[in-house]
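Open the model in your viewer and keep the selection tool at hand.

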Amino acid sequence: MLALIIRRLAQSVLVMLFVALIAFVMFRYVGDPIASMVGVETRIAEQEIMRDRLGLNDPVFMQFLRFIGNAVQGQFGISYRLQQPVSELIMSRLPATIELAFASATIALIGGVALGVFTALRQGSFATGAIMAASLVGVSLPTFLIGIALIYIFAVELGWLPSFGRGQVVELGWWRTGLLTESGLRSIILPAITLSLFQLTLIMRLVRAEMLEVMRTEYIRFARARGLSDKAINFGHALRNTLVPVITITGLQLGSVIAFAIVTETVFQWPGVGSLFITSVQVVDVPVMAAYLMFIAFVFVVINLIVDILYFAVDPRLRVDGGAAGK
Amino acid sequence: MTEPLLSVRGLTVEFPTRRGVLTAVNNVSFDIMPGEVLGVVGESGAGKSMTGSAIIGLIERPGRIAAGEIRLQGERIDGISPSAMRTVRGRRIGMIFQDPLTSLNPLYRISDQIVETIRTHLPISLAEARRRAIGLLDDVGIPDAERRIDDYPHQFSGGMRQRVVIALALCAEPDLVIADEPTTALDVSVQAQIIDVMKRICADRGAAIMLITHDMGVIAETANRVAVLYAGRVVEIGPVRDVIKDARHPYSVGLMGAIPKLGGDAERLTQIPGSMPRLSAIPQGCAFNPRCERVFDRCRVERPEPIAVAPQREVACWLYDEPRSDGRAHA
Amino acid sequence: MTNDPMTTRQIEPVIPPRPPGLLRQALDSDMFYSWRNSPVTIVATFTAAALILVALLAPWIAPYNPFNPATLNLMDGFTPPMSEGAFSDNWFLMGADHQGRDVFSTIMYGSRVSLFVGAMATLFAMTLGVGLGLASGYNGGTIDAVIMRIADIQLSFPAILIALLIFGVARGLIPPSQQESMAIWVLIFAIGLSNWAQFARTVRGATMVERQKDYVAAARIMGVHPALILLRHILPNVLGPVLVIGTIGLALAIIEEATLSFLGVGVPPTQPSLGTLIRIGQQYLFSGEWWILFFPAVTLVLLALSVNLLGDWLRDALNPKLR
Amino acid sequence: MKSNLKRALFAILASTALVTAASAETVRWARVSDALTLDPHSQNQGITHTFAHHIYETLVDRDIDGALTPRLATEWMIKEGDPNTWVFKLREGVTFHDGSAFTAEDVVFSLDRARSEKSNMRQLHVDVAEVVAVDDYTVEVTMKGPSPLYPNNLTNTFIMDKTWSETNDVVEVQDYAAGADNYAVRNANGTGPYILRSREVDVRSELTVNENHWAETKPAVTEIIYLPISDALTRVAALLSGNVDIVQDVPVQDIERLAATPGIKVETGPENRVIYLGYKFGDEPLQSSDVTDRNPFNDPRVREAMELAIDRDAIKAVVMRGQAIPTGVATPPFVDGWTEELDAYPAVDLDRARALLAEAGFPDGFTVTLDTPNNRYVNDEAISQAVVGMLGRIGIRVTLASRPIAQHSPIILNNQTDFYLLGWGVPTFDSAYIFNDLAHTKSGSLGAYNVGLYTNPELDVKIQSLGTEVDLEKRAATIAEIWEVVKADRVLLPLHNQVLAYAMKDRITLPVHPENQPRMTSVTFAD
């Protein structure tokens, strides 16, 4: 297990280096950093001095090393637009995105597993057909349309829920949470649902497929042949085995949820890193873009690692012989 | 004469497909006496496994029992409610599947799986169930059962796993065990052991066995009676010794010829030319007629029904149809 | 696999297959059967076909050319559906938008752009993915490791993010005067590049399986060029899954394009895609001109849904086990 | 930690209180974007200034009609005997939010800071030679030459506390290149009517009323919650669903719906801003055109044809839903020098336009790209789209390049466009401001927004004379002359003056500010 984790860590470092390279190339070559920093009136000679000061005249490799060195320390420079350290900006926006991501991941997971199990068990029923059809509609609906529709119905026409933002937030140390106030909780409902729908559909279809697969296995037949109750078979044996692959995908989905939040955050004016990113793309605020890229890569690497460890916890086959018994 | 433990009459299992209805099991009848071992033999697709599944009520959709009845100790168990069926499965009929590698849930400890099954059927405490489970594992020949009971399936070898499967099938003390190719997936070296274990442990508990296999050798050594299935029909049924010695149905004859004899030369095994027809293309008349060496006109037109040829022996073949007044078999 | 002693010698099947015509064969196939038996799929097929046809033929069948200034009258702006423009004799089935363009016609042209971008991007992703997948699966070793690692990274980033990044980078690299004419190609490149990994993975897996087979080994020993082996023997075997991924990928690409256009980084508003039309239309959601948003949105969802349904059906039909 | 929990609990209580009975003095104010920075000299941008006006104050202010009014300066005059020097008398008894007193030192410091190298306000103070404190409450600004209108340039130049700036090391405007974080970007210490309580960039800023403010009448609004909401739909939805009280940037198409909604009203009024099209002058061929041997825009007949093709009234009626004031001159009526004659524009005449194009040698028209912002002015992209259609009718085939203002700006500033849409506000309410930036040959700090690189040396001389002309009558005559040339030459192709709309809850009244810099101090409540 330790060996595997070490191998995984090494892979993660490689991934991060690769992403860092992309981020660096973007940072260095998309537009002239100097031009983005100074007004049109800065004289050429002065620009050259700044170039030197920023190390832009050093060999590219040196610059890359420095970029990585800074990135490791969480330094991505100063946002061109907001004139603040990028790392601070991202940290201040992070809680909003993480809370949104977790809320929608929870909805997606609970709803997805429940509907997936239901449709797998009630094969061929009308309800299953309806849910499956609805799920395809869900996949075919762009997130922004769902968001607009929800705002229009629940905020404007019915006036039940807030249409934007996070409501009242409470500071717990550096973490600003919206989950402790009524307005905060009300505010998260619509964006969380919007963000979760796609993942919910995905998880549901995955759970259903896996569950049907598992239900066809010999050990489920054998369990039936032993007269175990439907409950024990469906929710014990079958579901547990279904969840092994589901955990992997869902874990990885959590990462996508954070990145997918870009669109939802834009529609709902949710003050997270996603909306920070989209604004930055629009104004080509490269330091923020680069940092966001690194951040997302980091999130994925961490989630991957956690998923691997979780896999160990759930699947005993992996624990002893390191996966040799796997398919 | 004692009442049969299991009585199957006219069992027919159908699969509707877009090219018409396929009949996987066609008008099959047989009995199993308490404590008896009935071998069911035939090629893949002959309907043996399907018969076993039908008895325990586990035919996968869209398949269904189209006709016939199944009685266990005189009471019908086909078409009863799912909850009633659950009290039959495991408790009164145990089942052993072919592949021990896939029969056990990989995520559950052996102890969990056995204890869960015991406690589903018998009102005993957890500790008692566990004790029973350890005893059972001991019985089926798992060394150091007390320690190994908490292992996961993947920690056992194939042979050991099949022992666990046998223990699982028998843990609620059923009267009948349906063993569907219990040794096919195993190493040749352990096949005999497993059959021995199964036979012994059933005998100890007085349980009857329905042993489904394509291996006539296993039947010869294990079963009291044998039913030969071909294309979903019973072509011959009778005591093992008699059938081996004196097979009547041309198919059985070929089949018996395929049993390797001590000192015999494998290459000189009798072979039946051709292969069993697909279910979608069963010929008219006797299903075996295209391959039969002794085929005659009637075989191509009319379907033979089982004909009693000796005490306890029936054969579905026109060769044994004593000429009747109208010269036609019952429809 | 069980090894029945009785089946070691094979003879010809009892009933010889009749030699049917090609159409007959197609109509008789399992695919067609499963298609005919799924009313939803039939409806989806016709919807998709109709939308695609309309998009292809837009310049000839659209009632108006919404991009021809000569026929355009700004004063017709916001004409409601099924009525005549205020300053012209033009009749608008689905109303007119804020520029006096016929919404029905802009949707036709918009679907054209959306489908073009979606199809080209998917084709690009498919070519790239299949190529890399074949290379990866056939060669193995370092090439395989590198390609698959990149695919892993790629897969862990949502397509929309990658597309945004590529778009952002392109914006920085292309001079302003070229940006608009390049926009659609940048979009295709961005969406395509964010979707190749699924193709690569699937093809790689299938290639590795095929590579082990005897006939491939034989061909290799005989010195057949690898490219020819890949093309002749391996490619046909991976076409099924590629087709499935491609179909679902097309739906994804169409939605992705719409999302990017909605976020304002898509095609220019004078050559609008469905996504651009929706972005424009949503500005009029509160003011009561619902048709400017509604019809393009419905068209987009219908298009994506029907293609998705087809993809779903295709997957089931090609791999019945997954039902 | 414990105190955090307590705070959390308190916040819960507070929020429920807010939900049940919104306090009468709090105003939730939504706008398209946030102030870019709190550093008052680092960005010369309207939204940033609007926000800063609540925290910081300027020497002079402008009332809603455009007249200069005292603020931190009580009076100002040209120094007797020295036409180059302005004297400002300062208000006494004013304190900064941190309690320190406001004196002439602070003014000297702030004006010097505002005209320093890194300041974005520099252009407004290029003529200043020296700023000196005569005594605690008198400041003299010596100009490089006579500058009769200099006080007009001071309405967005904010006064900072010298001591505070020194303590916090923000004497210099932020230097990006140094990578240093500047305290003033996120902290403020002004003399203004509101004190910054909390700020989350791009999300939410909270201001509370300054109890120690010098003004006699206290503002009705005691608490401001400023909420940037970039998406128009979401912004309007926020008002419709009651989540905000005032929405400043209301899309024209939503005015009707909002006005018809019970409990919501809309205030509209003209903005001191003209929307216009500009094109490249000079002989060099255009980058984006199929005419590769010359520049069609350089032909006055082409420019005239374009003006004749563009239907300003249709743009007003459909694109702007009536919320625009079409104009034939590139200046809003607020500005000195505007006249009704200048404002007149020709009727659409497509035949004449086509004839002119043919005469100029473009019978089949030509292609060109129009660069337009899509998030800066009211319906900017839709206006440009309409222009594309209208020019198409005379054969000028236009490709539209639509970008957010942040990407549009560099293209404009670097003269990388052939044809563009832009808006121009006139904070000084004086024509010279327009001429300096839009009509003067691009050189040095002049002609910064002369994107088309129009050049007319004769005109340049006249424009330059405006800066030092003390005889106001003569100056007015020169302005009129310049406008004649600018209009005749079609240096710019003006479309309309923008109309602003603020939507708010019924009981609130916030008048439209001509520079779109509304003050919450001017809010009144109906009850």
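A residue counts as buried if 20 or more other C-beta atoms lie within 10 Å of its own. Keep that cut-off in mind for the opening stop. Remember too that this is a predicted model.

**Stop: a helix in chain D**

Select residues 104-114 of chain D, helix α3. Is this helix largely enclosed or open? Eight of its 11 residues are buried, so the rest of the structure largely encloses it. Colour the buried ones: D:A104, D:D106, D:V107, D:F109, D:S110, D:L111, D:R113 and D:A114.

Now show what covers them. The cover of these buried residues includes three strands of chain D, β5 (85-90), β6 (128-135) and β7 (138-143). Helix α4 (162-167) of chain D is also part of the cover.

**Stop: the domains of chain D**

Zoom out and colour chain D by domain.

Next, select domains 1 and 3 of chain D. Six residues of domain 1 and 10 residues of domain 3 take part in the contact. On the domain 1 side of chain D, three of the touching residues are nonpolar, two are polar and one is charged.

**Stop: confidence in chain D**

Colour chain D by pLDDT. The average is 87, and 94% of the residues score at least 70. Then select residues 9-23 of chain D, where pLDDT stays under 50. For this stretch the model has 12 contacts beyond four places in sequence. Where pLDDT is low, the predicted coordinates should not be read in detail.

**Stop: chain A by itself**

Hide the rest and keep chain A. Chain A has 13 helices and two strands. Of its 327 residues, 50% are buried. Take the contacts in chain A between residues at least 6 apart in sequence: 71% of them join residues at least 24 apart.

**Stop: where chain A meets chain C**

Bring chain C back. Here 34 residues of chain A are in contact with 32 residues of chain C. On the chain A side, select α1 (2-29), α6 (126-140), α7 (143-157), α10 (230-268), α11 (273-282) and α12 (286-314), each of which supplies at least two residues. Which helix gives the most to this side of chain A? α10(A) does, with eight residues. Colour this side of chain A by class: 27 residues are nonpolar, seven are polar and none is charged.

**Last check**

For the model as a whole, the scores are ipTM 0.73 and pTM 0.76.

Methods
Residues are numbered from 1 along each chain as its sequence is written. Chains are lettered from A and ligands numbered from 1 in the order in which they are written. This is a predicted model: local features need pLDDT of at least 70, side-chain atom pairs count only at pLDDT 80 or more; totals for chains, interfaces and linings use all residues. Two residues are in contact if their C-beta atoms, placed from the backbone, lie within 7 Å. Helices (H or I, at least four residues) and strands (E, at least two) are DSSP runs, numbered from the N terminus. Ala, Val, Leu, Ile, Met, Phe, Trp, Tyr, Cys and Pro count as nonpolar, Asp, Glu, Lys and Arg as charged, and the others, Gly among them, as polar. A residue is buried if 20 or more other C-beta atoms lie within 10 Å of its own, exposed if 12 or fewer, and partly exposed in between; C-beta atoms are placed from the backbone. pLDDT is the predictor's confidence in each residue, from 0 to 100.
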